[in-house]
Amino acid sequence: MRLRIFTEPQQGASYETQLAVAKAAEDLGFDAYFRSDHYVKMGDVTGEPGPTDSWITLGALARETSRIRLGTLVTAATFRHPGPLAISVAQVDQMSGGRVDFGLGTGWFEEEHTAYGIPFPSLGERFARLEEQLEILTGLWGTPGGETYSFSGEHYTLAESPALPKPVQAGGPPVIVGGTGAKRTPRLAARYADEYNVPFNRPEDTGAAFDRVRAACAEAGRTKPLVYSVAQVVCCGRDEAEVRRRADAIGRQVPELRTNGLTGTPGELVDKIGRFGELGAERVYLQVLDLQDLEHLELLAAEVMTKL
C-alpha cells in the first residue's frame with residue numbers, strides 16, 4: 001500500500017506553500033504529491049491568494065523535487081484542448097525525469113467555468129469530450145517517433161500532428177480515470193486507464209465501484225493489470241483533542257469525517273486503510289486540506305505509513 005499526498009490549492013495556497021508540502025512529502029517518504037485542478041474555491045474560505053494553474057505548478061515542482069511522483073486528481077477536460085494539454089504534460093514529464101501520473105476527468109464545478117469564461121456543456125457532452133481527449137492524448141504520446149497522428153471526432157480534429165514532444169515514459173504517463181459512474185466510467189477506465197480511483201467513498205461503495213470496473217475490463221478482454229486506488233480526506237491526531245483541533249482547522253466535524261474519511265488516531269487510520277486494501281486498493285491519496293500543518297504529514301509518515 002502506497003500513500004500519496006493530495007492537495008486542494010484552490011482553497012488558498014501559494015506556489016511556495018505547495019512547494020513546502022511537496023518537499024516535505026518527498027523527504028518523509030510519501031509516494032507522490034498530487035493536486036486538484038480547480039480555479040475557484042469551495043465552501044467557507046476566502047481562496048486567497050487565488051488559484052494556481054496545476055500544470056504550471058507541477059512543472060515548477062518537477063525541477064525542485066527529485067524522487068516523488070507528481071500528478072493531478074484530476075485535470076478537467078473542459079479547461080484545455082487535448083493537443084496543447086498533451087504538450088504540457090509531456091513537457092512536465094521531461095522536466096521531472098518521467099515522474100508524472102496523469103488524471104483526467106470531465107470537469108464538474110460549473111461556478112469556476114462561468115467565473116473564468118470557460119464553456120460548460122452538458123454532462124453527456126463532457127463525457128464525449130473526455131473520451132475523445134483520452135483517445136487523442138494516449139494516441140499522441142504513443143505515436144512512434146518520425147510518424148504523425150491524426151484524429152477526427154465530433155469535438156476535436158487533429159491532422160498530421162508531429163506528436164511531439166514525447167514524454168520520458170514510454171507511451172506516456174500512466175493515466176488515471178476516477179469516479180463512481182455505473183457505465184461510462186468503468187468503460188473508459190477499462191479502455192484507457194492505468195489506474196482507477198474512487199474518491200471520497202465508504203469501503204462498501206468503493207468495493208462495488210471496483211467490481212464494476214473489473215467487470216468492464218473482463219468484458220473488454222483487457223489483460224493489462226489495472227491499479228486500483230482511493231482518495232480520502234485525512235485528519236489524524238495522537239489523541240481525540242488533536243483530531244478535533246485538525247478537524248476544526250478545516251471546518252469539518254469529527255463524526256462526519258470518521259464516517260466519510262480517514263479520521264482518528266494512527267491506529268484507526270491503519271485499520272480503515274486495511275479495509276480498502278482488502279478490496280484491492282494499492283494506493284491511497286490522502287487529501288490534506290490544511291497545507292500549513294506540516295506536522296500532520298510528519299505524524300502520518302511516522303505512525304501510519306510505517307505500519308502499512
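In which sense do strands S9 and S11 pair, and over how many bridges? In this predicted model, S9 (residues 227-236) lines up with S11 in the parallel sense, and five bridges hold the pairing.

What about the side chains of S11 itself? Side chains in a regular strand alternate between the two faces of the sheet. In S11, Arg 283, Tyr 285 and Gln 287 point one way, while Val 284, Leu 286 and Val 288 point the other way. Both sets are buried, and the strand (residues 283-288) is mostly covered, with six of its six residues buried.

Now for the helices. A packed pair is described by the angle and the distance between the two axes. For H5 (residues 123-142) and H6 (residues 184-192), the axes come within 11 Å and cross at roughly 5°. With angles under 35 degrees counting as roughly parallel, H5 and H6 are therefore roughly parallel to each other. On the H5 side, the contact is made by Leu 123, Gly 124, Phe 127, Leu 130, Glu 131, Leu 134, Glu 135 and Thr 138. H6 brings in Arg 184, Thr 185, Arg 187, Leu 188, Arg 191 and Tyr 192. Sorted by class, this contact has six nonpolar, five charged and three polar residues.

Definitions and conventions
Residues are numbered from 1 along each chain as its sequence is written. This is a predicted model: local features need pLDDT of at least 70, side-chain atom pairs count only at pLDDT 80 or more; totals for chains, interfaces and linings use all residues. Side-chain values use heavy atoms; hydrogens and water are left out. Axes are lines fitted to C-alpha atoms, for helices over the stretch in contact, and angles run from 0 to 180 degrees between N-to-C directions. Helices (H or I, at least four residues) and strands (E, at least two) are DSSP runs, numbered from the N terminus. Angles under 35 degrees count as roughly parallel, over 145 as roughly antiparallel, 65 to 115 as roughly perpendicular and the rest as oblique. Contact means heavy atoms within 4.5 Å. Ala, Val, Leu, Ile, Met, Phe, Trp, Tyr, Cys and Pro count as nonpolar, Asp, Glu, Lys and Arg as charged, and the others, Gly among them, as polar. Buried means under 20% relative accessible area, exposed over 50%, partly exposed in between (1.4 Å probe, protein chains only). Two strands pair if DSSP finds at least two bridges between them.
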